[in-house]
There are 4 protein chains.
Amino acid sequence: MTPPDPDYRQVVERSFQEAAFLSDLGIRLHDVGPGWCETVLPVARRHLQHTGIIHAGVQSTIADHTAGAAAMSLTPAHEYILTVEFKIHLLRPGKGESLFCRAEVLKPGRHFHVVESQVYALDDGKRTLVSKLVATMAVLARPSAEA
Amino acid sequence: MTPPDPDYRQVVERSFQEAAFLSDLGIRLHDVGPGWCETVLPVARRHLQHTGIIHAGVQSTIADHTAGAAAMSLTPAHEYILTVEFKIHLLRPGKGESLFCRAEVLKPGRHFHVVESQVYALDDGKRTLVSKLVATMAVLARPSAEA
Amino acid sequence: MTPPDPDYRQVVERSFQEAAFLSDLGIRLHDVGPGWCETVLPVARRHLQHTGIIHAGVQSTIADHTAGAAAMSLTPAHEYILTVEFKIHLLRPGKGESLFCRAEVLKPGRHFHVVESQVYALDDGKRTLVSKLVATMAVLARPSAEA
Amino acid sequence: MTPPDPDYRQVVERSFQEAAFLSDLGIRLHDVGPGWCETVLPVARRHLQHTGIIHAGVQSTIADHTAGAAAMSLTPAHEYILTVEFKIHLLRPGKGESLFCRAEVLKPGRHFHVVESQVYALDDGKRTLVSKLVATMAVLARPSAEA
């Protein structure tokens, strides 16, 4: 797949630097290519819920933003990505030192992309699939810069 | 609806106190009754995404946890609640001083409850519906306390 | 809400007449207005599944098409509606003489509408909510008639 | 994966024979193994919608029932499967002589299984992925036969 914006890498990197909530949580870009993206999150105590496992909200955040970044990699420079909706299945209790997420565009489109994310927990060298998201990402015209 | 656990209020309050991620974000319990729950979040810069609106991950976190708390209010004392899956629609850009969320149990069940959450942004006295979640919440046996 | 196409009623009626699968199942338009639609299905033995209740596929069909028709009622004449995705919760076993479905547009949009459907079973005068759907409906340009 | 019910094949075959709606549509079991199931549907004019493509309701029916059958293959003899909810993405217009569906259990569980289905259209020797479903399937105790 040829990315419509040759500078898509910078667009994705900027989205991670400028999204306050991602920096705040500690989610970092691992790698990105045309149609996919990978991210990591070192898990801290503040990411947990009352039962001691990683909060569904943390898993949703990494899965959603990584899916959005995968969508950005297939989006022309004059357009941007906004989440329309997603569904996430929490498959197993999320426990471990870090989360790793890989998102792939299942079906790119003119007005929206369908994207899947898988979230893995890394615990003492073992990698477990803990959640899976499927999202609809809208492709919208950027408000013109010169306005 | 008669709550099967007369002390459900404490169970819900404890879930907010003990969930590190909720305290960290600043999400607070507003009120709770049998089959419903309401929460608030004063919005800060760190909750935003790169386009300046409230991150989908923040909206998912408040919507999911409030839904879980509504489910807890209908759950016997020897059982607890875990999110199986949810779908969230981001209906409008989330902007404002605070988020308000109300969750209601659509259908209680023996092994899982179906719960809906609506998230509103409060901006300069105006209240706007910004997202809507529908979740399946599993009802699980608590690991026995005496073990 | 003023419908952008004053002839939306005919568009919706035609969608029911021309959709072979709907006629085949027996799903009929009950009523339609700007932003909503109602339909009915007299239940026959062939709509059931092996456990004797109305098949999830039948409930999905009526819920999806009624949601699409509600979306059509808010769509200009030169555009049409296509389902992007939907999620349906089967809340209670579907039993009875007929199904009644009401769909409402939760959020109309330029490129897609978010629509909800509720499906009720009518059994001996009693009406029970049996399933609930939330869908994303794409608004697409009609291939020009003169081409 | 060892199937908990060695006679799971008969259970699945029976579900196809006894589900009136499946026979009525023409959906047939192709093959089944522990954790997966495959089905086919020869497409007829009555399966179409008003725009000439295969109705979303038909795609939902084959995707849901095949997912349920994959879940049955991992379910003990004294329990049965009921769909809690599913989400389906209609990725491309469904056109062709037949549909082929493969479902796989993503995560088996004690009280519910998470299952994915992919639906392909076969058109003049070409196979295209047209829709994808992710479902929660409840595992319920069979009403005792001797009652």
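## Ground rules

Because the model is predicted, local features need pLDDT of at least 70 and side-chain atom pairs count only at pLDDT 80 or more, while totals for chains, interfaces and linings use all residues. Residues are numbered from 1 along each chain as its sequence is written, chains are lettered from A and ligands numbered from 1 in the order in which they are written, and side-chain values use heavy atoms, with hydrogens and water left out.

## Symmetry

Now for C and D. A 180° rotation with 0.0 Å of shift along its axis puts chain D on chain C, again with an RMSD of 0.0 Å. In chain D it is Lys87(D) that comes closest to the axis, at 2.0 Å (C-alpha). Since 100% of the interface residues of chain D are also interface residues in chain C, the copies meet through the same surface.

## The C–D interface

Here 35 residues of chain D touch 35 residues of chain C, where contact means heavy atoms within 4.5 Å. Together the two chains bury about 2,800 Å², 64% of it on carbon and sulfur atoms (accessible area, 1.4 Å probe, lost on being put together and summed over both parts). Phe21(D), His50(D) and His55(D) supply 23% of the area that chain D buries against chain C, more than any other three residues.

As for charges, there are two salt bridges between chains D and C (a Lys or Arg side-chain nitrogen within 4 Å of an Asp or Glu carboxyl oxygen). Arg46(C) makes a salt bridge with Asp24(D), their closest N and O atoms being 3.0 Å apart.

## Strand to strand

β3 (residues 79-90) of chain C pairs with β3(D) in the antiparallel sense, over five bridges; strands are DSSP E runs of at least two residues, numbered from the N terminus, and two of them pair if DSSP finds at least two bridges between them. On the β3(D) side, Phe86(D) is the bridge partner of Ile88(C).

Methods. Helices (H or I, at least four residues) and strands (E, at least two) are DSSP runs, numbered from the N terminus. Copies are superposed by least squares on the C-alpha atoms of residues with pLDDT of at least 70 in both.
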